[in-house]
Amino acid sequence: MKLHEYQSKAIFAKYGIPIPKGTIAENAEAARQVASQLGKKVVIKSQVLVGGRGKAGGIKVAATPDDAETIADQILGMTIKGLPVRKVLVDEAINIAREIYLGVVVDRATRRATMMGSAAGGVEIEEVARVSPEKIIRVAIDPAFGLQDYQARELAFAIGIDKANVREFTAIATGLYRAFVDVDASLAEINPLVVTGEGKLIAADGKIVLDDNALYRHLDLEQLRDVDEESSEEQQARKAGLSYVKLDGNIGCMVNGAGLAMATMDVIKFYGGEPANFLDIGGGAKADKVKIALEIILSDPNVKAVLFNIFGGITRGDEVARGIVEGLKGVKTNVPMVARIVGTNAEEGRKILANANMLTAETLEEGAQKAVAAARGQV
Ligand code: GDP
Ligand code: MN
């Protein structure tokens, strides 16, 4: 679950990270009031859960409360990367001398939380990683000891922080790491961490992604969820306990197990297809979940074929097949469906599905090729 900039910054502030003064506004008049209370130049920032708001025109400086009202009105009418702007953050404007990147992520390779810093801040870090990866300095953090001061100092020197700011930087890095651990984040980043014209460090932007698997122990953070920012499919999937990520391809995937879902997507791509989604319906394949999953997949107009890839371990293949047939009832569609079932009673399961007009396959290779062909209309 992603947090908004204003929510992330509020968490950062609790950990001693300096943030600009500011308040959220849901209409232009409120933005004017905040600007007039702050009594100085402000920056109006769209609160949508995507990066690159600046480039999209969703972040603008306003010199006067009048300007703030006009600009807020304009930004509140925008849609950025498909997401309507419903709130703006009105922050006191910062006098920017330098923009730095500072973030903590879970790094699978080192199996540690890793702090990343870069002198190339302000731009999207994925872009820096792609074009000039040497500009990103990484520090792996030992979970038993936490971020050590010497590590933060090394990072500070590597990205060219002034001697005068090193102590401040260390405090910010430590706060960021602590916040990351305490909220069970998978990502916590400040981009940009600004060096102001007055020689101070301040977090001009904030982003936290919470680990959904740990949300059950952060009910206060769960409350911060902005359902306006979730697509209706994502909401449906979350409520049904499905893991769903929409992608740009045309082959819908319905799979039981996250690893199997990834393998399925790989094999689809291997045979020249493009998956329309990642979807893990979890263990077994109960009719109610299959039904919701199908509705979600088919609500995507790009989907031209659906591939079921079910591994029956403890669950029996015929049971799963009945679940699928049951789930298909009442779902009207002409989209061709291919099912690959393996495991206990797979044979019986395939018969049930073939009787229900589904294409069946014995191997994933065969299933993926049939789905790719079906998506091209070559059934
Ligand atoms: P993002 O584009 O979604 O990452 O949004 P950011 O909050 O990072 O803002 C993008 C850019 O807008 C920053 O890198 C800054 O260059 C600029 N910006 C943000 N806040 C201020 C501010 O208070 N003053 C000035 N002058 N520029 C700002
Ligand atoms: Mn940013």
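Because the model is predicted, local features need pLDDT of at least 70, side-chain atom pairs count only at pLDDT 80 or more, and totals for chains, interfaces and linings use all residues. Residues are numbered from 1 along each chain as its sequence is written, and side-chain values use heavy atoms, without hydrogens and water.

**Whole chain**

- Along the principal axes, the C-alpha atoms fill a box of roughly 75 × 50 × 40 Å.
- Of the 379 residues, 49% are buried, that is, under 20% relative accessible area with a 1.4 Å probe and protein chains only, whereas exposed means over 50%.
- Among contacts (heavy atoms within 4.5 Å) between residues at least 6 apart in sequence, 68% join residues at least 24 apart.

**Helix H9**

- The 13 residues of H9 (residues 258-270) should span 18 Å at 1.5 Å a residue, and the end C-alpha atoms are 18 Å apart, which agrees; the expected span is 1.5 Å times one less than the number of residues.
- Ala-261, Thr-264, Met-265, Val-267 and Ile-268 are the buried residues of H9. They cover an arc of only 165 degrees around the axis, so they lie on the same side of H9; the arc is that of the directions from the helix axis to the C-beta atoms.
- The face turned away from this buried side carries the exposed residues Met-262, Asp-266 and Phe-270.

**Surroundings of H9**

- The cover over the buried residues of H9 includes strands S14 (251-255), S15 (277-280) and S16 (305-312), together with helix H13 (364-375).
- Gly-272, whose phi is positive, near 90 degrees, follows H9.

Key
Chains are lettered from A and ligands numbered from 1 in the order in which they are written. Helices (H or I, at least four residues) and strands (E, at least two) are DSSP runs, numbered from the N terminus.
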